[in-house]
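Please keep the sequence and the structure in view while reading.

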Amino acid sequence: MAAPFLVLWDHSHLWGLLLCRGLAALGAPFAPVSCAEVAAGALDRQPPRALLVPGGFARRKFAALGPAGVAAIRGYVARGGAYCGICGGAGLALTHDEGLALSPWTRRTFADRLDHLVSGHVRLAVDPDSGLFPASLAPNLTAPVWWPGGFAPPPAPAEAEVMVVAAYAGAGPDLHLADLHLGAMPEAQLAACRERFGLPLTPAFLDGGACVIAGSFGQGRYVLSHAHLETPDSPEANAWLAHLLAVLGSGDGSGNGFSRHVPAWDPAAEPVRFEDPHLLAARRDLGAAIEAGQAARLLFQRTPWLLGWRPGMPGFSLSNLAGLLAGVAALPPTEAALAYWRGHGPAFATDMAAFTRRLATFFPAQRLEITLSLVEHRPTAAEPGLAAERRELFGPAPGGGGLCARLADRLDGLLLRLLQ
């Protein structure tokens with residue numbers, strides 16, 4: 001039996017779940033692998049078709065790998081392995097203090113933090129001669145990005161050649177800047193906003209910056225993409241992912257028996273196969289908390305699996321939790337998962353109850369603070385406790401920490417054991 005693709009699991013959360021869901025839909029054999037298992041030699045014992053690294057928290061992945069895990073991945077690729085990184089997984093492969101240095105390129109710095117608020121589909125111009133793009137697709141397509149980082153060549157020319165497989169070619173129809181729907185704004189409105197505020201709302205990197213790059217490391221190769229090709233119901237992106245899996249799995253793309261579409265995903269409609277009272281209560285209470293955020297007009301439903309949010313609000317953190325809960329509930333329990341949950345489930349339930357109870361008052365208070373901030377000669381000063389509470393619940397901006405992160409990490413560990 002051919003080796004599966006391995007998915008580096010730690011600190012990927014919703015993005016790891018979406019990639020595994022996409023691989024299953026495409027018919028690609030896969031198995032999740034933890035950073036600890038990689039450090040202990042998992043890539044040597046059974047070299048995979050390719051190591052796939054989803055989005056998520058690249059710095060945390062690097063820390064979890066440790067020196068042994070970093071050396072193991074570099075050794076695997078150098079001996080002829082393939083590495084495919086998406087978003088955070090792409091950033092992990094670059095050359096910087098917390099990177100694997102598979103590619104000599106590094107991370108693009110943000111001249112304006114507005115750049116990092118971009119999400120939705122973008123237009124891409126693809127190099128059709130790269131060998132990494134299916135001939136059945138037109139080389140100008142749209143693909144989704146979710147708050148992308150960026151690639152930057154090194155200041156001095158590197159010996160290793162890096163190929164720009166796809167470059168940004170402008171905004172797609174559903175592109176957002178935070179909660180502002182840029183894709184729906186006429187060009188005249190965008191121009192008026194640029195003139196009034198003295199800044200472009202569409203980031204400069206969307207006009208020609210690298211979105212997908214590829215290169216070699218030793219005897220192996222890497223493909224790094226800020227486009228989330230695993231995004232549900234994104235047909236062109238999904239077909240491209242299927243082609244990449246075939247190329248990375250066989251070397252030349254021959255024998256591609258993969259499907260080409262990842263179906264739409266509605267977490268609320270997922271069947272329940274893991275009927276655990278802690279998980280059922282968590283889904284109910286989190287749903288009520290999200291409804292409170294929507295009633296306060298701080299959150300909105302952007303897709304069935306992703307909330308939209310006002311800047312500063314924890315929309316993705318809540319999407320992450322809700323998606324993980326749905327993903328866990330939809331899988332039949334394994335012995336390893338049941339043993340893990342016996343140890344973690346009660347504490348998770350206590351923390352989740354406290355978390356959702358606090359959100360029920362946090363969202364109305366945040367809405368009132370925003371309203372009062374627009375009132376001239378407001379009767380009260382700003383409420384400093386709200387900022388402190390947000391940090392306790394979600395960590396410092398842009399989020400990904402606090403009590404919410406501890407809840408997500410427990411679900412992440414449970415999901416790993418269900419998928420294994």
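This is a predicted model: local features need pLDDT of at least 70, side-chain atom pairs count only at pLDDT 80 or more; totals for chains, interfaces and linings use all residues.

What kind of unit do E3, helix H4 and E4 make? Together, these three elements form a right-handed β-α-β unit.

**Strand E4 and its neighbours**

The helix of the unit, H4, spans residues 58–78. Strand E3 covers residues 51–53 and is joined to E4 by three bridges, the two strands running parallel. Within this pairing, Val53 has Gly85 of E4 as its bridge partner. E4 also pairs with strand E13, which comprises residues 220–225; here five bridges join the strands, and they too run parallel. In this second pairing, Ile86 has Ser225 of E13 as its bridge partner.

Is strand E4 mostly covered or mostly uncovered? The strand, made up of residues 82–86, is mostly covered, with five of its five residues buried. The burial concerns both faces of E4.

**The cysteines**

A disulfide is a covalent bond between the sulfur atoms of two cysteines. How many disulfides does the structure hold? The number is zero. Two cysteines illustrate the point. The closest cysteine sulfur to that of Cys84 belongs to Cys211 and is 12 Å away, which is too far for a bond. For the sulfur of Cys211, the closest cysteine sulfur is in Cys87, at 9.3 Å, and this is again too far for a bond. The cut-off for a disulfide is a sulfur pair within 2.5 Å. Both of these cysteines are covered: Cys84 is buried because its relative accessible area is 6%, and Cys211 counts as buried because its relative accessibility is 0%.

**Two pairs of helices**

Two packed helices are described by the angle between their axes and the distance between the axes. The table gives these values for two pairs in the model.

| Helix pair | Axes come within | Crossing angle |
|---|---|---|
| H8 (residues 277–295) and H10 (residues 335–373) | 9 Å | roughly 15° |
| H9 (residues 315–329) and H12 (residues 402–419) | 10 Å | roughly 30° |

**Two residues with positive phi**

His13 is not a glycine, although its phi is positive, at about 55°. The loop that contains His13 lies between strand E1 (5–8) and helix H1 (14–26). Arg297 is likewise not a glycine and has a positive phi of about 60°. This residue, Arg297, is placed in the loop between H8 and strand E14 (299–303).

Is Arg297 buried or exposed? Arg297 is exposed, because its relative accessible area is 56%. His13, by contrast, counts as buried, because its relative accessibility is 3%.

Conventions:
Residues are numbered from 1 along each chain as its sequence is written. Side-chain values use heavy atoms; hydrogens and water are left out. Buried means under 20% relative accessible area, exposed over 50%, partly exposed in between (1.4 Å probe, protein chains only). Helices (H or I, at least four residues) and strands (E, at least two) are DSSP runs, numbered from the N terminus. Two strands pair if DSSP finds at least two bridges between them. A crossover is right-handed if, with the strands pointing away from the viewer, the path from the first strand over the helix to the second runs clockwise. Axes are lines fitted to C-alpha atoms, for helices over the stretch in contact, and angles run from 0 to 180 degrees between N-to-C directions.
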